[in-house]
Amino acid sequence: MVSQQLNTSAAAGNIALVVGATGITGSNLALKLIEKQWTVFGLSRNPNNNVEGLHPIAADLLNEESLAAALKDISPTHVFFTTWMRNDTEEENIRINSAMIHNLLHILSFKKTVQHVSLVTGLKHYLGPFDAYAKAGTLPETPLREEMPRLDLPNFYYSQEDEIYKVALRDGFTWNVHRPHTVIGKTIGNAMNMGTTLAVYASICKKEGLPLIWPGSEAQWNGLSDVTDAGILAEQIIWAATTPNAWKEAFNITNGDVFRWKWLWPQIAQWFDIDFEGYNGEIRPLEGILNEKQSIWTEIAKENQLVETNLYTLASAWHTDLDLGRPLEVMTDMSKSRQLGFSVYKSTKDSFFDLFTLLRNDQIIP
């Protein structure tokens with residue numbers, strides 16, 4: 001039950017419902033909204049009660065009764081949808097992930113308070129779903145631009161967008177879609193977290209006296225790339241939701257710089273004070289390396305009194321392998337939001353190093 005005091009204060013301003021508030025995108029967005037004096041509710045299956053100013057909500061997006069009960073006393077003006085559920089096939093991804101949006105917006109429709117909905121997807125919009133992930137024959141021309149047509153492939157991102165477009169026409173709210181590249185930021189237990197995965201891997205390499213081995217493709221090692229700092233993503237989401245000229249648009253979002261992994265990889269190794277190996281003619285998947293390292297991580301965690309002893313709660317090697325193993329360079333064009341006034345920028349090196357420092361300070365890595 002929401003207190004009367006909360007209802008009174010919320011009525012005076014923007015009320016955000018962050019869906020997926022424990023994820024890498026949602027948690028950083030919630031913090032930024034709170035910083036900007038929004039009233040913020042965070043919906044997830046397992047809420048985080050540790051964020052000051054966040055009002056956590058426990059609900060199952062696939063259960064309308066659960067949603068209706070959880071949202072009974074909450075009337076958001078802005079909905080930020082930052083979560084998804086991974087399934088075995090793209091057809092199941094489509095069914096499940098579009099249903100989550102449908103169910104939420106159906107429950108909220110009766111309240112008639114939603115003014116804007118923001119959806120976070122990603123570059124699979126251009127590269128294809130996981131089972132056809134940037135394979136030869138479907139490679140798009142880079143840099144990736146928002147006006148590129150949809151691929152002739154099943155893709156749950158398209159179904160999510162279409163669900164929002166349909167309900168927006170019915171209920172009269174505005175919308176934005178945000179397409180980040182790999183998101184770099186802090187969270188625990190996230191399904192896709194390259195920054196923390198690399199930090200854990202480097203920490204293991206240091207413990208074992210081994211070099212940081214590049215796990216990916218030649219195209220990724222030598223080609224241009226970009227990433228998206230979670231803070232930059234949060235800034236663009238809020239900017240677009242509150243800037244009328246930006247409404248009803250899809251936006252790429254990255255840090256604003258480009259880099260080559262062959263430039264960044266040695267610097268990551270240097271940060272951890274270890275040697276490195278670059279591309280040596282073959283892909284050497286990180287998942288295969290980390291699958292054998294739980295016992296080492298347990299030892300590291302105990303020696304350094306770290307907060308998480310389960311390696312696989314921290315590392316998502318499967319996703320890092322997908323990103324770093326792509327057979328093409330991948331970077332996006334940021335002109336569209338720049339022309340409309342979004343000018344926030346962050347150095348990619350700083351994104352990684354700031355994250356590593358935060359993980360160390362919070363006793364997640366040694």
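1. Rings of Phe, Tyr and Trp (its six-membered ring) count as a pair if their centres lie within 6.5 Å; planes under 30 degrees apart are stacked, over 60 edge-to-face, and the rest tilted. By this rule there are 18 aromatic pairs. W84 and F156 make a stacked pair, because their ring centres are 5.3 Å apart and their planes stand at 10°. W84 is in the loop between strand 4 (78-81) and helix 4 (90-109) and F156 in helix 6 (residues 156-171), so the pair ties together parts 72 residues apart in sequence.

2. A word on the basis: this is a predicted model, where local features need pLDDT of at least 70, side-chain atom pairs count only at pLDDT 80 or more, and totals for chains, interfaces and linings use all residues. Residues are numbered from 1 along each chain as its sequence is written, and side-chain values use heavy atoms, with hydrogens and water left out.

3. F156 is buried, with a relative accessible area of 2% (buried means under 20%, with a 1.4 Å probe and protein chains only).

4. Now for the tryptophans of helix 10. W261 and W265 have ring centres 6.2 Å apart and planes at 70°, so this pair is edge-to-face. They are four residues apart in helix 10 (residues 261-271), about one helical turn (helices are DSSP runs of H or I, at least four residues, and strands runs of E, at least two, numbered from the N terminus). W261 is buried at 1% relative accessible area, and W265 is buried at 0%.

5. One aromatic cluster includes W261, W265, W271 and F272.

How values were computed. Buried < 20%, exposed > 50% of the residue type's maximum accessible area, 1.4 Å probe, protein only.
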